[in-house]
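Work through these exercises with the structure open beside you. Try each task before reading its solution.

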Amino acid sequence: MPLVESGTERPGATAPAIDPETGRAYWRKTSSLMWTVLALWFFAGFGVHFFAPAINSIHVLGFPLGFWFAAQGSLVIFVVALFWFARRQNEIDEEFGVQED
Amino acid sequence: MSASNAGTKDPFINSLGKIYAGYTGGFVAFVILLAILEQMGVPDRIIGYLFVFLTIAVYAYIGIISRTAAVAEYYVAGRRVPALYNGMATGSDWMSAASFIGMAGSLYALGYGGLAFILGWTGGFMLVAILLAPYLRKFGQYTVPDFLGARYGGNLARGIGVTVLITASFVYVVAQIVGVGIITQRFLDVSFTTAVFLGLAGILVCSMLGGMRAVTWTQVAQYIILIIAYLIPAVLMSAKISGVPLPQIMYGFALERIEGLENTFRAAGMTPPPGVTGWHTAPFIGANGAFSWSAAVNFFALVFCLMVGTAALPHILMRYFTTPSVREARQSVAWSLFFIFLLYFTAPAYAAFAKVEIYQNIIGQPIASLPDWIKNWQIISPYGVPWINIVDANRDGILQWSEFRIHPDVVVLATPEIAGMPYVIAGLVAAGGLAAALSTADGLLLALANALSHDVYYKMIDRNAPTKRRLVISRVLLLIVAVLAAWTAGNAGADILFLVAWAFSIAAAGLFAALVMGVWYKKTTNAAACWGMAVGYVFTFGYLIWTEFFGLSFVELFGTKEAILAAARQTAALTVVDPELKAYAAALVANAAQIQDGALSWFGQLILTTDSVTLRGRCVARLWTLNNISGGIIGVPLSFLTIWAVSKFTTAPSQAMQDFIDDIRIPRGGVRLVDRREAVE
């Protein structure tokens, strides 16, 4: 095999890819998506479990609800939220024309 | 989901689906063949050998055909791993022997408390996806310290990053090699040291020749085996106990039955065995079953540390350098979490079914007539105690609740026998556990060796080193680190497994803040990041060592006089301890009236009290009753705070640096590096 880099590396750039104004607007929207998902993360990772002792007396299919959230509910939220995030961020990329070619 | 692959011309990438479908089919056929062999009377031991050796042979084969001499292939698998496959590879990179074998057992012992591991080890990927992975991918070099070097002005930041990386990853890889040793020892019947070096050979053939490229494609193969091996016994167990082969749904009824049985036991005046909760589904309770602030604080602190640690462990982050695009990096994190979710979603079911089976059919039986699977596991484990320990404390010949002591690892390893499945399923579980441990060890070793060869040797020592020498050095370092880790594992044995939890706090406190602020806070200066990493790392690592190994002296500073007396009593009662310390503790106890509150005891009582517990044969101190496994809960905010504060007082980053940050924030275009020499050529 040849002792060379394969050609997939991007050469270092010298000019910005988009104008600064678009860049700022893009970053505002990206940041707000980040905070939204971060809030979801906090809710599913911590917030809902603050109430575990209170909701544990409710049983669904045998599961005490507080236990169920920590064992399954929050995990489902995590997975769904991440697929949603990936899709939403792609839409934002395309809205501002900053997606990869 | 991977629509962006449709355009690739690469025949190898295009045929991945076919390759791995064929591989999965082959593996299933192999398991069926072994099942037939078992029915024909082939001894269990041969079945065990075939499982271990044939799976390792497959990994080795993939490792050897993926050998490479191209730097980009060696470090980042040529950046052409599609999101879905990178997700699978990350899944097995992430799920270690502790996840595969240990987690269900922890849930068995801790009940609700153990769910902190489930939450922490999944939720962290949210942070990876939104805060780091896409931006590190856009930055597009080889390692995590590369990013620190480019963003924070060179070798100082890079060096601190490498130090944190090596501390966290080395501790972690040693534990994986111990895991490999435990499984190999049980199924091949060889000594622990031999088992460790056999496992090491298995790890090295995967990563040595092909670096990241080989590790990626073996990890995908290992994921497939480990998930099959984890799900099948759970499905069979669920069918046996509840009649429906859907463990994730049916274990709700098992939980209900556990609650009922626990109440019955308590009504009969019995107590749970040491280390096992008596209220399986109850959140945040102390030993008496009542709500405990300390338990609640520890639960959330552990969730936080595991999450942030996940998002800072370099062997995970570096996997997202290998996708073809930023878009696929984001997609790939979602897939990673999905594949990890499949296992973690099932783990509590293992715990519940095993508990129902034991509480229902074992407790209360005459000890003389226990089922065979219990007798099979009453052998000494590498931890020095029997896997299952029956202690007839009241000598009535009947097994009480508190007399049945089971090592957590047995819950997964013995499930096939509990459910009366053929030996081939036990062999399958061993192959799965081995795949989990090997894949994680591979990822970690590569992260370590790359940090040393790429960051330390190439970037800090000899920037003109030719490609060929760089790759030779990578491989030599890989070998050295691997042998060093195996040597440590062989000597320290299973006693060091608690160190794994430390890796999360250390990585979280050392790296997370600097990485996140580097992308999200433009004003972060070089000095601030270096201080932030150093403060987080030194503080957390120091805190861990101090509380773990010098518990009494910690309490003497932060505790009240009552806490100091209690710690002195615990220290004096230890069996294996430095005689000088023991004498000192005994003297404290003898002169109890003269003990004063610690000098900083006001700080130690700020939130909850400071105390100590006897753990792992030591007197371990707990600031605010926080277990030191969650040491990062203080280190992480401290690191953020330091970076923010120092940034206020140092000169803001140059325009060139701001341009660099602008570029890594958007997927399109190239990256304007501040220092052109930082570019991968």
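The expected span of a helix is 1.5 Å times one less than its number of residues. Keep that rule at hand for the first exercise. The model is predicted.

**Exercise 1. Check the span of helix H28 of chain B against the rule, then find what covers its buried residues.**

Solution. 
- Step 1. Helix H28 of chain B covers residues 632-649, which is 18 residues.
- Step 2. From first C-alpha to last, H28(B) reaches 26 Å, close to the expected 26 Å.
- Step 3. Look for buried positions, with 20 or more other C-beta atoms within 10 Å. H28(B) has B:Gly632, B:Ile633, B:Ile634, B:Gly635 and B:Val636 among them. Further along, B:Ser639, B:Thr642, B:Ile643 and B:Ser647 are buried too.
- Step 4. The cover over these residues includes H13, helix H22 (499-520) and helix H23 (526-549) of chain B.

**Exercise 2. Repeat the analysis for H13(B), and state which helix of chain A its buried residues pack against.**

Solution. 
- Step 1. H13(B) has 18 residues and reaches 26 Å, close to the 26 Å expected.
- Step 2. Its buried residues include B:Asn298, B:Phe299, B:Phe304, B:Cys305 and B:Thr310.
- Step 3. In chain A, the partner is helix H1 (20-50). In chain B, the partners are H7, helix H14 (314-317), H22 and H28.

**Exercise 3. Describe the side of chain B that touches chain A.**

Solution. 
- Step 1. Count the contacts: 64 residues of chain B meet 52 residues of chain A.
- Step 2. Find the helices. Those of chain B that each supply at least two residues include H4 (71-76), H7 (115-139), H12 (247-267) and H21 (467-492).
- Step 3. H15(B) gives the most, with 10 residues.
- Step 4. Sort by class. This side of chain B has 37 nonpolar, 12 polar and 15 charged residues.

**Exercise 4. Which residues of the largest nonpolar core touch the most other members, and where does the core lie?**

Solution. 
- Step 1. The core has 260 residues; A:Leu82, B:Ile177 and B:Leu445 touch the most other members.
- Step 2. Helix H20 (residues 423-461) of chain B contributes the largest share, 21 residues.
- Step 3. Both domain 1 and domain 2 of chain B give residues to this core, so it lies between them.
- Step 4. Now inspect A:Leu82. Leaving out residues up to four places away in sequence, A:Leu82 touches B:Phe125, B:Met126, B:Ala129, B:Val333, B:Ala334 and B:Leu337.

**Exercise 5. How far apart are the centres of the two domains of chain B, and how many residues are in contact?**

Solution. 
- Step 1. Domain 1 is assigned as 46-266 + 273-285 + 296-353 + 420-496, and domain 2 as 543-631.
- Step 2. Their centres, over C-alpha atoms, are 35 Å apart.
- Step 3. Five residues of domain 1 contact six residues of domain 2.
- Step 4. On the domain 1 side, four are nonpolar, one is polar and none is charged.

Conventions:
Residues are numbered from 1 along each chain as its sequence is written. Chains are lettered from A and ligands numbered from 1 in the order in which they are written. This is a predicted model: local features need pLDDT of at least 70, side-chain atom pairs count only at pLDDT 80 or more; totals for chains, interfaces and linings use all residues. Two residues are in contact if their C-beta atoms, placed from the backbone, lie within 7 Å. Helices (H or I, at least four residues) and strands (E, at least two) are DSSP runs, numbered from the N terminus. Ala, Val, Leu, Ile, Met, Phe, Trp, Tyr, Cys and Pro count as nonpolar, Asp, Glu, Lys and Arg as charged, and the others, Gly among them, as polar. Domain bounds come from an automatic or database domain assignment. A residue is buried if 20 or more other C-beta atoms lie within 10 Å of its own, exposed if 12 or fewer, and partly exposed in between; C-beta atoms are placed from the backbone. A nonpolar core is a set of buried Ala, Val, Leu, Ile, Met, Phe, Trp, Tyr and Cys residues joined through C-beta atoms within 7 Å.
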